[in-house]
Amino acid sequence: MSIFKANSVSVNRAELAIVNDVDLQVERGTISVLLGANGAGKTTLLEGLSGVIRIAGGTIELEGQPLQRARPGARARAGLGYVEQGRTVFRELTTEENLRVGLHDSADISEAYALFPELVQRQDVPAGLLSGGEQQMLVIARALLTRPKVLMIDEMSAGLAPVIVGRLMQTMRKLADEGLAILLVEQFAALALDVGDRAYVMRRGRMVYDGDCKTLLDAPDKLHDFYLGSANTEG
Amino acid sequence: MNSLLTSAVAGLTAAGAYALLGVCAVFTYRLVAVVNFTGAAIGTAGTFVLITLYDAGFPLWPSVFAGIAGGTIAGVLIGFVMTTWFAESAASTKAAVTVALLVGLIAIGLRLTGGQHPHVMPDLFPGSAFRLAGVEVTIASALTIGLAVLFTLLADWFLNLTRTGLHLRALSERPMAAELLGVRVKLLSIFVWAVTGSFTAFALMIIAPQRSPNFMTLSLLVVPALAAALVGLFRSFWIALAGGIVLGVVEGLVSGFDGVSQYRGAIPFLVILGVLLWSQRGARWDDAR
Amino acid sequence: MMHASLRSALTIAVSLAVAGAAIVGLLPPYWVFLATAVLITAVALLSLGLVTGRTGMIALCQMSFAGVGAWTVGYLNVWNAPGGLVAWIVAGGLAAVPLGVAIGLPALRLRGINLAIVTLSFAVAFDTILATITYPGQTAFISVPRPGIVDSDEGYFVFVLIIYALIAICLAFVTRTRLGASWLAVRHSERAAAAHGVSVPMAKLSAFAISAFIAGISGGMLAGYLGTLVSENFSMMQSLLLFAVATMAGAHFVEGAIIGGILIVMFPELLRRLDLPQDIGNVIFAIGATQALSTGETISETFRRLARKLLPARPVAEASASREHLPPPVTRTAGTALAIKGLTVRYGSVVALEDVSFDVPAGTVVGLIGPNGAGKSTFIDAVAGFLDRYGGQVSVEGRPLEGIGAHRRARMGVRRTWQTTRIAPELTVGEYLNLAAGGLSEDQRVAVLAWIGCPSPQVPVAAVDAGTRRLLDVAGVVAARPAVVLLDEPGAGQSYDQALKLGERIAEIPALFGSAVLLVEHDMDLVRAACSQVRVLDFGRIIASGPPDAVLDNPVVKKAYLGHAAESEAA
């Protein structure tokens, strides 16, 4: 039984149908990877799932509870964590204050510092002055401290150095092994497929692949076509 | 020289009220992103709860507290309208809404309080507090300025040192990111409206005896309030506070000169004009568009 | 374009003439007297609709401008100035203009909210000034005389009706010009307006000046209507009321201003006859304005929507014309259309672009691709002049662009589109094209629209689907035939077939219009169809360049798109 389910979700943006009739399920203790070329509709799908924009059709369930009509705040309090792309730190708040904003009663800030020791020495620095990588760690840590049951991360590695990306991937694996359900949108497809369990691929607003990561990893040509297109791939 | 000082000191009560209203305007703008043209009208509603109860023979201080409660409720009602229907609107739309609401509030206020005929407004704090270079400083003026400073200090303390304050700062910077972390955005926004409602109500009660206390004149104190807020560029509490005090003192000074005293209502306009010309040297693009 | 203006002018003239004749012929004198007040108020509302409804600025001192007009008429009367009432009214309107400009100036470059604060404080200041100076001639009982033929109430009604019709018709013409379109464009998006070469301060200032003029005229007419005036006629509360009603009724429409005038004049009259307190009207106006702001639809717009529903729906006709009518390409010397040298952009400690250098040769389409966050949109912002600061040099046809603002860059030959379409939905397709590229003939406009697959010019933008609006964006910039066009993801949201067709069209741009193209795009099929050269950005640096197929097969590019493992796979 999946903890988080989206059934035939469609999302429009400025009247354009960006996501069409998409199904998606995330299981406890696993990493699902959502892939697709830029503009395929991945971010729009996550925004629809998190409530940032209203969905045009379909249902969303977390632990059997329907969420498609709930405000984003209510979805968050129900246990759906969402890290937006673009490192949405509160720039004028310090690192420590950023972490305290959504701090769950059962969570402790030291967990964030244990996960990302780089942040310790930056705890009193306004988040706007952190480097891109540090900001990315901060928003991920901040989301984890809300004790989500499902965590969706958009473009986790965008603009990050490869070393940090590798470490973040290992961290995600560890969190999943501890029971978290994770949905990653990732542009470094190969790396994400390596740590992920289940893969989804979107193309032009539709889900064109739903299967395990291993299969996709073993068929690099297919992946290449999904991303870069080719003269003989039809849409 | 002494007559100048007398006029300046005479402006201090207004100065304190302008400062407090200005700081409240900054508070509302920074935390819920609304340039609030109903700010003074909300406080005026509370003041008239006090006047009505007092006229009806209720004792003064319970009436004062009822008046503050009235201002709080008026603030919550406006806040409810703003957060329910205009949470996602552009800043200029929100401002336009408060202008429209101001028209309605003044009409309702004038109707309920019997039009423009003056009311008896009890002087809450009669008498003089101390003498400054031979000029009496009234308790009312010392109190409004004190209250303005207190509100500024409280706002600073509250925003920086409490969990709710932290949520408010997060909310004001990135409402969606705060909401995605589970912050109760709507509840907090209405809380901001309630706080500013109660403080402006109290400020207006103190300044009302000095003005002709009818609903419209008091509601229009929003103009010097916004002028003060603009001096602080809708950012800095302390500069808005200083701006309000300077505005009141200058108004007092001008009142001392015979030829120009009747034009003192134009002072906020001149201040606003000056601040805008000075502040927009670098600005180019509207962020949102 | 001219045709539509004439038709709408004729509609206004005829309907006003019919309504006017009916009012004079059928209604008792008292109602004619009231109808005159409705029209005078409607003129004031038209003036406010221009600033608020059309240009999107909040103006709260419109009645003060009217007061300036009224007082001017009063002084000219007391001084026995030549010309009579008509000349005095025009002088009153002109007297309000410098004031309007002076008040508009400080709020030009900042948020519209500041204009609201300036104008409200001015209204208060003006109140205190008017309160101290009585109306000219009041103490000597000199009232403003009406010229002989319009002395009767009916005559004055006709006089006011003619002025209203003249103003409404002039506005109908002006709003269909490029200036009028620029007001709506500014209201919708200042950046997009500037990208079309519109000077945003000039657009705002012209709207404010014309608006002050019209408001001054309404004040002058009020002076002739009542003979003598008091400051309460022009108090700040009147300005606020006017704002609420304009917001509620939609004063930027001819019928909206009349509806608003009827509301302001007749509502109190109705309440008086029902023995109800008159201030109920203000409460209702406040609620109505709030409602209109929350739904984004004024009374006029509601009526128009309902009227459209009643009429049989006209299908959105796609423009059709042969290519021979396309505007001739601007002949350009071969060489470099756009040259970028060492372009560097930093946001705080984040480097968005680092030392980017390349040329876009004249007559070519160059693609700029890269993963999200690589710096592509920042690149377009920098070149088109939407960043305050950047390092390096950008030049178009050899002319450096540093220190030149966005709208002047657009006029110098750098035109761009946006990732999300920013076309003001109130315009028609033809008006938008005229805003983007002035000076085309009707045939040429139709030909451009037909070439890319857009609807015909008279279709309102609101009726055009979002995907086609993106094509309209492209049509606008190429019709201007600049040295270089920068297209920001024109294929986003298009179907596969549409994207391929768009790619073919983009490939034709240099030959048909004479403009070089820089195409930022995610859709690689579109890039292959359109571009002869591709540059790849990653982490703000150019990591590869060459013909599309070679670049997309480059292992470094695959790595940027797919991640590290792809490198070993490719190797």
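What percentage of the 235 residues in chain A is made up of buried residues? Buried residues account for 52% of them, where a residue counts as buried if 20 or more other C-beta atoms, placed from the backbone, lie within 10 Å of its own, as exposed if 12 or fewer do, and as partly exposed in between.

The model is a predicted one, in which local features need pLDDT of at least 70 and side-chain atom pairs count only at pLDDT 80 or more, while totals for chains, interfaces and linings use all residues. Residues are numbered from 1 along each chain as its sequence is written, and chains are lettered from A and ligands numbered from 1 in the order in which they are written.

**Chain A as a whole**

Along the principal axes, the C-alpha atoms of chain A fill a box of roughly 55 × 40 × 35 Å.

**The sheet of chain A**

Next, colour the strands of chain A. An open sheet of 6 strands, with mixed pairing, has the order 6-7-8-3-9-10; two strands pair if DSSP finds at least two bridges between them. Strand 6 (80–83) and strand 10 (206–212) of chain A each have a single partner strand, so one side of each lacks a neighbour in the sheet. On average, neighbouring strands of this sheet are turned by 15 degrees against each other, direction ignored.

Select residues 31–36 and 181–185 of chain A. These are strand 3 and strand 8, which run parallel and are joined by 4 bridges. Ile31(A) stands opposite Ile182(A) in strand 8 of chain A. Helix 5 (residues 132–144) of chain A packs on the sheet and touches strand 6 and strand 7 (150–153) of chain A, contact being defined by C-beta atoms, placed from the backbone, within 7 Å. The direction of helix 5 makes about 170 degrees with that of strand 6 of chain A; axes are lines fitted to C-alpha atoms, for helices over the stretch in contact, and angles run from 0 to 180 degrees between N-to-C directions.

**The domains of chain A**

Colour domain 1 (4–79 + 149–228) and domain 2 (95–147) of chain A separately; the bounds come from an automatic or database domain assignment. Their C-alpha centres lie 23 Å apart. The contact takes 8 residues from domain 1 of chain A and 7 residues from domain 2 of chain A.

**Chain B**

Strand 1 (residues 128–132) and strand 2 (residues 135–138) of chain B pair in the antiparallel sense over 4 bridges. The bridge partner of Ser128(B) is Thr138(B) in strand 2 of chain B. The hairpin has 2 residues between the strands, and Ala133(B) takes a positive phi near 45 degrees.

Then select Val195(B), which is found in helix 9 (residues 185–207) of chain B. Val195(B) is buried, with 20 other C-beta atoms within 10 Å.

**Where chain B meets chain C**

Finally, show chains B and C together. The contact takes 40 residues from chain B and 44 residues from chain C. Helix 5 of chain B gives the largest share of the side of chain B that touches chain C, 16 residues.

Methods. Contact = placed C-beta atoms within 7 Å.
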